[in-house]
Amino acid sequence: MPDRHGRGGELEYLQEVQGAMRTGEIGLAQEGRVATKWWGWGEEGKAYHLPDPERFWGYIHARLGPTEAGSRLDSLERVRLRPPRLTAAVVSKLSRIVGEGGVSTESPDRAVRSLGKGYKDLVRIRQGQVPNPTDVVVWPRDEEQVTAVVELAAREGIGVIPFGGGTSVVGGVEPAGEGLALTLDLGEMTGVMGIDRQSATARVAAGIVGPDLERQLNAAGFTLGHFPQSFEYSTVGGWIATRSAGQKSTLYGKIEERVQGLRLAYPDGLLTTPATPAAAAGPDLVQLIVGSEGALGIITEATLRLAPLPPYQDYKGYLFHDFAEGVAAARELVQSGLKPAVLRLSDELETAPSLALRPARHGLAAVVEGVGLWYLSRRGLRLDSASIMILGFEGTESAVKHQWAEARTVLRRHGGQSLGRGPGRAWERSRYDAPYLRDLLLDHGIMVDTLETATTWDRYLSLYAAVRDAVADALGEGSAVMAHLSHSYSDGGSIYYTFLAPQERGGEVEQWERVKAAATEAIVRQGGALSHHHGIGSDHRAWMEPYLGPSGVRWLATLKSALDPGGIMNPGKLIPELSTDASPPAAGTEDAHA
Ligand SMILES: Cc1cc2nc3c(=O)[nH]c(=O)nc-3n(C[C@H](O)[C@H](O)[C@H](O)COP(=O)(O)OP(=O)(O)OC[C@H]3O[C@@H](n4cnc5c(N)ncnc54)[C@H](O)[C@@H]3O)c2cc1C
């Protein structure tokens, strides 16, 4: 019987992943919440183990030069916060809504919910800097309590920050400025309320995290097919609020394609969208809410479109002479109508370090690898200067085999050489590992972060190079910038950059801000998406106007001020404020982008 790698044995891959989660092999959250590292990623005690430390650090130091250990407080208790500013009367009103156990003004609870999990967040919390702590955390248990909390906050003029898994990397959960702040943690709203097998949909509460959701869907024979790298800890509500993308989005689509209906608690009440497969009833309210980042209200539940659990999966590695040839192949694959689950192409600079993470081969394995390298070099391919693609299909065995037959023709046309199933298996094993490795690099005083965009195929390579060069210039000597394509569409693809450099001691945040600004300006200048899937939050907000144009920003700001006149919903995120003297352009004139 064939297995998911095409080697034998029918296998429900996702259930196997869950098995690994349960045994702790890949360290995922269990039902409910587990203690996670306040200074990094994942459960306390779980760390990244380098397969070959000598090879890895050799590569890092050759690229970055010497580094010194990063600083980190030894305890969350040592993070000093501004005292909470809500009156006792307001706290007691909150307790009456959610119960006493559902409200906290304790420093540790407030500190870990006042920052996300981006590089800037981790650097600051490791140093005990939480500049804008929330005043109170509340954990509602149902929609009625969410609505009551929002109503109370609106009356009292308190900013409400929805908090799902807190994995935002764009400042999405950090309170803004001086206003009073209430963090509404959806961690108690985690149910799957029903699965409609006929329509292949599920109604789920917004606070459920990826593994808990998949476990319940898989038991009914379904998957959502949404696996962001933050899958272990991020929530359905967070995914929808940020328009997130999973690693298999080329097949299953970004989250916006999987949302059929929503319920949203906002200062004036509760909105429920109709549950239909499609409609022609004016602009789509679901799509207005998807990506609203808590600035319009709180998503309490969603009806999601499901897919059958794939019985068969086959992932392989291919090597191309260079990134440009791989991009041409990726474009042709998707434009020919193929639907890979994974289509991920690393540029030359990312292909090389992926080798630095491999364990060194010994004995027979070393001989086999040597023969493989010789074979590739005869075709002009060198692992340290080529571009690696992970391509995988899943579904029924016959559909997967049929797609592979067509894909092989395209890949050959672009000089792609098969590396077999090994790289596919390695990618699958390690696909949630990067944030654990980030912790290790931070411990060694290395700045490591990622940023992303998307653009059309005609501009793909020029934008890719412009942003890469802007980041490299901002980092200076002794740094590394690499990229990959991981989400492909018929008209274009995403670009995801990773950059590393020794931290500038004492100026870590300023160093990061310099790089971020250079990259974002280059993205906007080149006409790329301001974000493909991380969202806007506070980090990208200043670029919304150059990106959308004054009219686009005015539309969003007008919508916000009508639905949230007190400006209490996640203040300071996503939507720039309209300046009071901004008058609409005269009829017949156009703003920058109109
Ligand atoms: C290591 C790492 C890897 C990541 N990989 C990916 C990836 O592969 N793909 C991807 O798309 N993103 C990725 N991200 C970014 C992040 O995980 C996503 O943005 C994710 O969707 C956030 O989900 P969350 O539940 O953690 O939301 P949070 O971080 O809690 O919130 C994100 C934003 O949504 C708002 N929000 C949260 N819940 C609700 C709700 N119920 N109603 C209204 N607003 C709400 C918050 O206020 C905030 O503005 C990654 C982040 C990290 C740290």
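## Loop residues, aromatic pairs and the ligand shell

Arginine 243 is partly exposed, with 28% as its relative accessible area. In this predicted model, arginine 243 belongs to the loop between helix 8 and helix 9 (249-252), and its phi is positive, about 55°, although the residue is not a glycine. Most residues other than glycine have a negative phi. Alanine 200 likewise carries a positive phi, near 55°, in a residue other than glycine, and is found in the loop that joins strand 5 (192-196) and strand 6 (201-205). Alanine 200 counts as buried because its relative accessibility is 18%, which falls under the 20% cut-off.

**The ligand and its surroundings**

In total, 35 residues surround the ligand, and the closest are Pro162, Gly164, Thr167, Ser230 and Thr235. By class, the shell divides into 14 nonpolar, 19 polar and two charged residues.

| Residue | Atom on the protein side | Distance to a ligand oxygen |
|---|---|---|
| Proline 162 | polar backbone atom | 2.6 Å |
| Glycine 164 | polar backbone atom | 2.7 Å |
| Threonine 167 | N or O atom in the side chain | 2.6 Å |

Of the 950 Å² of accessible area that the ligand has on its own, the protein covers 97%.

**Aromatic pairs**

A pair of aromatic rings is described by the distance of the centres and the angle of the planes. With ring centres required to lie within 6.5 Å, the count comes to eleven aromatic pairs. One of them joins tryptophan 457 and tyrosine 460, whose ring centres are 5.5 Å apart and whose planes meet at 45°, so the pair is tilted. Both residues lie in helix 18 (residues 457-475), three residues apart, which is about one turn of the helix. Tryptophan 457 counts as buried because its relative accessibility is 12%, and tyrosine 460 counts as buried because its value is 0%.

Tyrosine 464 and tyrosine 497 form a stacked pair, with 6.5 Å from centre to centre and 10° between the planes. This pair links distant parts of the chain, since tyrosine 464 is in helix 18 and tyrosine 497 in strand 19 (residues 492-502), 33 residues apart. Tyrosine 464 is buried, with a relative accessible area of 5%, and tyrosine 497 is buried too, with a relative accessible area of 0%. Through ring pairs, Phe323, Trp457, Tyr460, Tyr464 and Tyr497 are linked into a cluster.

**Charges over rings and a contact between separated residues**

Leucine 419 itself lies in strand 15 (residues 417-420) and, at 27% relative accessibility, counts as partly exposed.

Definitions and conventions. Residues are numbered from 1 along each chain as its sequence is written. This is a predicted model: local features need pLDDT of at least 70, side-chain atom pairs count only at pLDDT 80 or more; totals for chains, interfaces and linings use all residues. Side-chain values use heavy atoms; hydrogens and water are left out. Rings of Phe, Tyr and Trp (its six-membered ring) pair if their centres lie within 6.5 Å; planes under 30 degrees apart count as stacked, over 60 as edge-to-face and the rest as tilted. Helices (H or I, at least four residues) and strands (E, at least two) are DSSP runs, numbered from the N terminus. Buried means under 20% relative accessible area, exposed over 50%, partly exposed in between (1.4 Å probe, protein chains only). A residue is near a molecule or strand if one of its heavy atoms lies within 4 Å of it. A polar contact is a pair of N or O atoms within 3.5 Å; within protein, one must be able to donate a hydrogen and the other to accept it, and residues adjacent in sequence count only if both atoms are side-chain atoms. Accessible areas come from the Shrake-Rupley method with a 1.4 Å probe; for residues, only the protein chains shown count as cover. Ala, Val, Leu, Ile, Met, Phe, Trp, Tyr, Cys and Pro count as nonpolar, Asp, Glu, Lys and Arg as charged, and the others, Gly among them, as polar.
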